[in-house]
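The sequence and structure come first.

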Amino acid sequence: MKKKVIIITGASSGIGEATAIRLSKEGHSLVLAARREDKLLALKEKLITEDSNILIHKTDVTNRNDVISLVKNTIDRFGKVDVLINNAGIMPLSSIEEGRVEDWDKMIDVNLKGLLYGINEVVPIMIEQNSGHIINVSSVAGRRVFPTAAVYCATKFGVNAITEGLRQELSAKYNIKVTAIEPGATKTELQSHIPNEEIKKNFAKRMETVTFLEASDIAEAIHYAISQPKHVNVTEILIHPTEGP
Ligand SMILES: NC(=O)c1ccc[n+]([C@@H]2O[C@H](COP(=O)([O-])OP(=O)(O)OC[C@H]3O[C@@H](n4cnc5c(N)ncnc54)[C@H](OP(=O)(O)O)[C@@H]3O)[C@@H](O)[C@H]2O)c1
């Protein structure tokens with residue numbers, strides 16, 4: 001496969017980190033973005049291979065200037081962007097009646113607006129290149145709603161809508177592929193930030209009865225989408241734990 005220049009947001013842990021590890025094995029050039037620079041540095045050390053080129057960029061995706069500089073630095077270093085993996089996301093679940101409006105704002109800022117900021121920076125570059133691939137990490141929560149996740153689901157339904165809209169507007173016209181990756185329950189840090197202790201405990205209990213997906217399982221799906229030939233656009237990959245509902 002041709003070596004690509006790939007930006008991964010949320011690369012400091014979980015699915016983003018596993019994706020960086022998987023894609024570095026293919027010798028792609030990777031740009032790793034997240035807020036925790038120490039984690040990105042540690043990951044970079046792990047990834048150094050003979051033919052891989054790694055750039056790290058401290059990025060808060062809710063800050064538009066950070067995202068502008070992320071993409072600009074990628075172009076300065078590598079001269080192109082083949083793939084943007086919009087993976088950064090948060091899931092501070094709570095019931096609507098708790099009224100955690102700040103958490104709702106944060107989910108909308110990271111999961112939706114952050115994703116859009118990235119898209120806005122790479123689209124003109126990909127149009128100019130007449131090639132590109134935008135991969136949005138959505139969720140099973142982008143396909144069905146469950147209690148305590150109304151706002152999280154709303155963001156992921158939104159991610160799916162944006163993904164399909166992008167495909168309709170850009171794919172045929174500019175040779176830009178667009179993919180939604182929709183994982184089910186995956187073992188990462190995501191659940192550890194749930195502020196409601198009871199919801200957090202329920203997740204932990206579920207982990208005792210269901211074998212959760214590994215972050216590397218999702219990384220494999222992302223690698224699959226990226227490695228298809230030019231005429232194949234993998235538009236959606238939904239992955240459940242085998243024992244999950
Ligand atoms: N785990 C699951 O069960 C599951 C299921 C379906 C979908 N997903 C989706 O998968 C994606 C990755 O999550 P994960 O499960 O791998 O969880 P994770 O381990 O918590 O990783 C989330 C990543 O997002 C980054 N992030 C959070 N806020 C950010 C911000 N403002 N700016 C930049 N980066 C930010 C974090 O980095 P910093 O904190 O260093 O910024 C971290 O690298 C998310 O979109 C999530 O919704 C996960």
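Predicted model: local features only at pLDDT ≥ 70, side-chain atom pairs only at ≥ 80, totals over all residues.

## Shell around the ligand

The ligand is surrounded by 31 residues, and the closest of them are Ser12, Ile15, Arg35, Tyr152 and Thr188. By residue class, the shell consists of 12 nonpolar, 14 polar and 5 charged residues.

Two helices, H1 (14-24) and H5 (150-174), each contribute at least two residues to this shell.

## Polar contacts and burial

From Ser12, a polar side-chain atom lies 2.8 Å from an oxygen atom of the ligand. For Ile15, a backbone N or O atom is 2.7 Å from a ligand oxygen atom. Thr186 also places a backbone N or O atom by a ligand oxygen atom, at 2.8 Å. The ligand taken alone exposes 880 Å², of which the protein buries 96%.

## Packing of H3 and H4

Helix H3 spans residues 64-78 and helix H4 spans residues 101-129; the two pack at an angle of about 35 degrees, and their axes are 9 Å apart. Their crossing is right-handed.

On the H3 side, the contact is formed by Arg64, Val67, Ile68, Val71 and Ile75, which meet Tyr117, Gly118, Asn120, Glu121, Val122 and Ile125 in H4. The residues of this contact divide into 7 nonpolar, 2 polar and 2 charged.

Methods: Residues numbered from 1 in each chain as written. Heavy atoms only, no water. Near = heavy atom within 4 Å. Polar contact = N/O pair within 3.5 Å; in protein donor to acceptor, adjacent residues only side chain to side chain. Areas by Shrake-Rupley, 256 points an atom, 1.4 Å probe, with all protein chains shown as cover. Helix = DSSP H or I, 4+ residues; strand = E, 2+ residues; numbered from the N terminus. Nonpolar A, V, L, I, M, F, W, Y, C, P; charged D, E, K, R; others polar. Axes fitted to C-alpha atoms, helices over the stretch in contact; angles between N-to-C directions. Left-handed = near helix turned anticlockwise from the far one by under 90°. Contact = heavy atoms within 4.5 Å.
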